[in-house]
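This report covers domains, then strand pairing. Keep the model at hand while reading.

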Amino acid sequence: MIHDNTSFRTDTSVSIRDLSLSFGAVTVLENLNLDIHDGEFLVLLGSSGCGKSTLLNCIAGLLEPTEGQIFIKDRNVTWEEPKDRGIGMVFQSYALYPQMTVEKNLSFGLRVAGVPREEIDKRVARTAGILQIEPLLKRKPAELSGGQRQRVAIGRALVRDVDVFLFDEPLSNLDAKLRAELRVEIKRLHQALKNTMIYVTHDQIEALTLADRIAIMKSGVIQQLDDPITIYNRPNNLFVAGFIGSPSMNFLSGELAEEGGRIVFKTGETRFSLDGYGHAQPLTPGRKVILGLRPEHIKVDHDVAGGEVHEAVVDIEEPMGADNLLWLKYAGQTMSVRIGGERRYKPGSTVKLGCDMTMASVFDAETEERL
Amino acid sequence: MDKSPILTVVQPAAVDRLRAGPQGKRPRPAISGRNVMLYGALGLAALYYLLPLYVMVVTSLKGMPEIRLGNIFSPPMEITFEPWVKAWAEACTGLNCDGLSRGFWNSVKIMVPSVILSIAIASVNGYALANWRFKGADLFFTILIVGAFIPYQVMIYPLVIVLRELGIYGTLSGLILVHSIFGMPILTLLFRNYFVSLPEELFKAARIDGAGFWQIYFRIMLPMSLPIFVVAMILQVTGIWNDFLFGVVFTRPENYPMTVQLNNIVNSVQGVKEYNVNMAATLLSGAVPLIVYFVSGRLFVRGIAAGAVKG
């Protein structure tokens with residue numbers, strides 16, 4: 001089939017067109033479209049089984065799509081072998097060749113491709129320099145720590161001078177401290193190299209910290225594709241709102257009502273004024289909705305700056321050092337509120353609440369879409 | 001250095017701990033009911049298996065007059081290696097009187113190519129089935145496994161005809177072919193299960209690095225698979241060396257393997273039964289698998305543990 005690529009933006013690095021993949025009767029990806037810009041750091045985020053790794057494997061050429069096309073650098077690579085796609089991939093389990101030294105691991109791809117000896121040495125030395133693994137070159141993977149192994153795995157992609165880096169949960173096998181360190185290193189690497197990077201993870205912190213844009217996936221469908229701040233503050237639907245953020249967003253179910261010429265959110269006997277909420281769809285009274293409020297967007301006691309004031313009872317307090325998480329009983333529902341770590345409350349005490357409606361989210365109770 | 005302050009600190013603490021009751025490792029008596037049962041049973045089992053071997057070795061070192069005394073457990077009064085020499089170089093089977101040596105070399109000529117051929121093909125089979133999922137792979141694998149359960153006897157006559165048509169009936173190459181084919185199902189299963197147990201991401205990484213079917217096999221998979229190759233080799237060496245049925249059916253007397261020749265020596269009806277020669281001949285025939293076990297036993301266990309027996 002001859003494809004029409006006149007409509008492509010010139011700065012598109014990876015482009016996925018109507019991609020579907022099914023294993024027998026099980027459909028993993030369905031009609032997926034995604035454009036990734038040149039030099040962009042895109043994170044595919046979702047819980048396990050959402051199809052994010054499958055999508056990455058399709059881009060890498062390790063899985064054959066059932067339908068659709070994949071373009072890399074405006075070239076249709078749908079039928080190309082992985083090695084001809086200009087990609088490098090880093091795996092969760094590092095996947096270093098156990099019988100080869102670090103140096104041989106780095107150079108394997110180049111040796112297979114028949115690159116001249118001097119060129120290989122030059123590139124291996126450069127890569128080792130960038131990743132600071134020169135002292136490890138003569139060692140076998142078994143003699144390396146987890147962090148060092150992952151660094152070598154990144155080096156194996158780096159050494160091949162590829163256009164696109166694919167990361168498949170690269171930090172999931174590391175402990176929390178190393179994960180945080182390598183996360184910063186990957187970000188630094190991206191800033192230095194300015195390559196396109198596609199990064200699969202189920203860790204929202206990795207997604208929020210690394211990404212230029214995040215694609216949140218569920219059941220093989222992209223739920224929202226936006227920059228981290230937009231995803232966090234203006235989630236498209238209830239799933240995205242609940243998935244991103246820890247502790248997660250508070251959800252209160254109720255309905256919209258008109259009182260005194262203003263639209264309010266009503267749950268039981270409680271009312272929240274929706275003044276200041278930037279709605280995308282008309283807020284019609286009587287509609288069943290869910291109000292979403294992030295724990296840090298609810299103000300407590302002396303932080304409440306006028307406006308509506310509600311009262312709630314402290315159920316449980318979870319001090320975390322830098323901040324303090326209060327679990328409140330309010331209008332028959334549970335809410336969490338994040339306050340400064342130095343402010344402490346006893347269970348059972350009463351607090352005043354004020355909500356910042358400009359940061360709130362309202363979802364239709366049936367479609368679960370943002371209003 | 002002055003140690004007295006340390007002592008005064010340690011001693012009361014130790015006394016306190018004794019008073020506090022059980023602490024640390026529980027003392028166990030060297031001879032307990034449990035140990036007697038355990039080592040007794042192990043010893044009995046070992047004796048049960050070693051006794052026949054002992055009788056064979058002892059008998060093979062005795063002369064015929066001593067054997068006629070009938071004390072089969074008593075050690076030889078006069079050690080003689082003559083039965084061994086006779087078994088190896090002089091015993092008669094039919095018209096030939098050059099002992100087992102002819103059969104030994106025949107067996108080597110059958111075994112070495114069969115082992116190499118069957119392992120080479122089966123390992124590539126297993127690798128392809130594990131990593132390069134092709135259409136109909138599962139069906140192919142099922143057919144191959146079913147092959148392992150069909151009794152050999154059913155296939156003998158058809159095989160004779162096939163070999164006759166190919167013009168290699170009665171030759172060593174015919175027998176080598178038969179051995180290689182019959183080793184295929186179990187060896188393929190063995191290799192497939194081993195390669196499936198290796199991390200799939202290694203294979204993916206090698207593909208991204210641009211390695212093809214054979215490059216991945218030789219440069220990635222093969223160096224990681226020494227244990228399973230040793231297991232396969234032991235299985236094949238023992239199986240082919242000990243084979244009797246195919247040896248009788250598919251070769252002519254001048255090509256008989258060692259097992260068939262051993263049978264002919266031991267069962268020859270002419271003259272006196274030379275037990276010492278028979279024992280020596282049997283030990284000689286069993287030597288090759290025994291040596292293979294001793295040399296590669298540790299690797300064998302490692303290979304079995306490394307996923308060889310996992311479904």
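## Domains

Domain bounds come from an automatic or database domain assignment. On that basis, chain A is divided into domain 1 (12-237) and domain 2 (247-364). The C-alpha centres of domain 1 and domain 2 of chain A lie 39 Å apart.

## Model and numbering

This is a predicted model: local features need pLDDT of at least 70, side-chain atom pairs count only at pLDDT 80 or more, and totals for chains, interfaces and linings use all residues. Residues are numbered from 1 along each chain as its sequence is written, while chains are lettered from A and ligands numbered from 1 in the order in which they are written.

## The open sheet

Strands here are DSSP runs (E, at least two residues), numbered from the N terminus. Two strands pair if DSSP finds at least two bridges between them.

In chain A, 5 strands form an open sheet. Their order is E15-E19-E16-E17-E18, with antiparallel pairing. Strands E15 (298-300) and E18 (333-340) of chain A each have a single partner strand, so one side of each is left without a neighbour in the sheet. The twist averages 45° from one strand to the next (axes are lines fitted to C-alpha atoms; angles run from 0 to 180 degrees between N-to-C directions).

Within this sheet, E16 (residues 310-319) and E19 (residues 350-355) of chain A are joined by 4 bridges in the antiparallel sense. Val313(A) faces Thr350(A) in E19(A).

## The E12-E13 hairpin

Strands E12 (residues 262-267) and E13 (residues 270-273) of chain A also pair in the antiparallel sense, over 4 bridges. Phe265(A) has Phe272(A) in E13(A) as its bridge partner. The hairpin has 2 residues between the strands. Gly268(A) takes a positive phi near 60° there.
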